[in-house]
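Work through the exercises below with the sequence and the structure at hand. Each task is followed by a solution in steps.

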Amino acid sequence: MALIPNEKPIIGKDDIADLPAFNLEEVDVKIDSGAYTSTIHCSVVEESPEGLHVIFLDEEDSSYTGESMYFKKFKQKKVRSSSGEMQKRYVIEGDIILFGEKHATEFTLSKRDLMRYPVLLGRKLLSHRFLIDTTLSNESFKFKTRKT
């Protein structure tokens, strides 16, 4: 897909993206225009004296590194889950690379081990940046592989 200056890239229903702040490459992501914030699956989320201790993904994910990360800057907020229940979740800042550009956003941390996609991208990230075409898939990843 050719990007025309000042036009929004068209993203599909899902993609594969890098999350450099979390040292993760080629992670499966689902585009979720129904969610406000983006969410990432964590196998470990614990407050500790060093900060918020996080291990992203789990051994089932091909992008799993097992690396322990600590975040000094974090907050908590109430989020309505896909099942409709209110949950208190930790929120951290990170970035994601889509169509060759790095985008800063917030991620809520959640256990998504039963879900197909370890990362959901919500409206806070998507709005004013992308158009969504649910008939497409892996558009950013195709863009990345064509450039390399």
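**Exercise 1.** Decide whether Glu93 is buried, partly exposed or exposed, then find its salt-bridge partner.

Solution. The model is a predicted one.
Step 1: Glu93 has a relative accessibility of 48%. Buried means under 20% and exposed means over 50%, so Glu93 counts as partly exposed.
Step 2: Glu93 forms a salt bridge with Lys73, and the closest N and O atoms are 3.5 Å apart.
Step 3: Glu93 belongs to strand β8 and Lys73 to the loop between β6 and β7, so the pair ties together parts that are 20 residues apart in sequence.
Step 4: Lys73 has a relative accessible area of 60% and is therefore exposed.

**Exercise 2.** Classify both partners in the salt bridge between Lys102 and Asp95, and do likewise for Lys124 and Glu106.

Solution. 
Step 1: In the pair of Lys102 and Asp95, the N to O distance is 3.9 Å.
Step 2: Lys102, at 56% relative accessible area, is exposed, whereas Asp95, at 13% relative accessibility, counts as buried.
Step 3: For Lys124 and Glu106, the closest N and O atoms are 2.8 Å apart.
Step 4: Lys124 is partly exposed at 37%, and Glu106 is buried at 13%.

**Exercise 3.** Which strands pair with β4, and in which sense?

Solution. 
Step 1: Strand β4 covers residues 38–48 and runs parallel to β9, with four bridges between them. His41 stands opposite Ser110 in β9.
Step 2: With β10, β4 pairs in the antiparallel sense over two bridges; here Thr39 stands opposite Leu120.
Step 3: Six bridges join β4 to β5, again antiparallel. Glu47 has Leu52 as its bridge partner in β5, and a hairpin of two residues connects β4 and β5.

**Exercise 4.** How many residues make up the largest nonpolar core?

Solution. 
Step 1: The largest nonpolar core has 29 residues.
Step 2: Phe22 is one of those with the most contacts inside this core.
Step 3: Beyond four places in sequence, the residues that Phe22 touches include Ile40, Phe56 and Glu93.

Conventions
Residues numbered from 1 in each chain as written. Predicted model: local features only at pLDDT ≥ 70, side-chain atom pairs only at ≥ 80, totals over all residues. Heavy atoms only, no water. Pairing = 2+ DSSP bridges. Core = buried A, V, L, I, M, F, W, Y, C linked by side-chain atoms within 4.5 Å. Buried < 20%, exposed > 50% of the residue type's maximum accessible area, 1.4 Å probe, protein only. Contact = heavy atoms within 4.5 Å. Salt bridge = Lys/Arg side-chain N within 4 Å of Asp/Glu carboxyl O.
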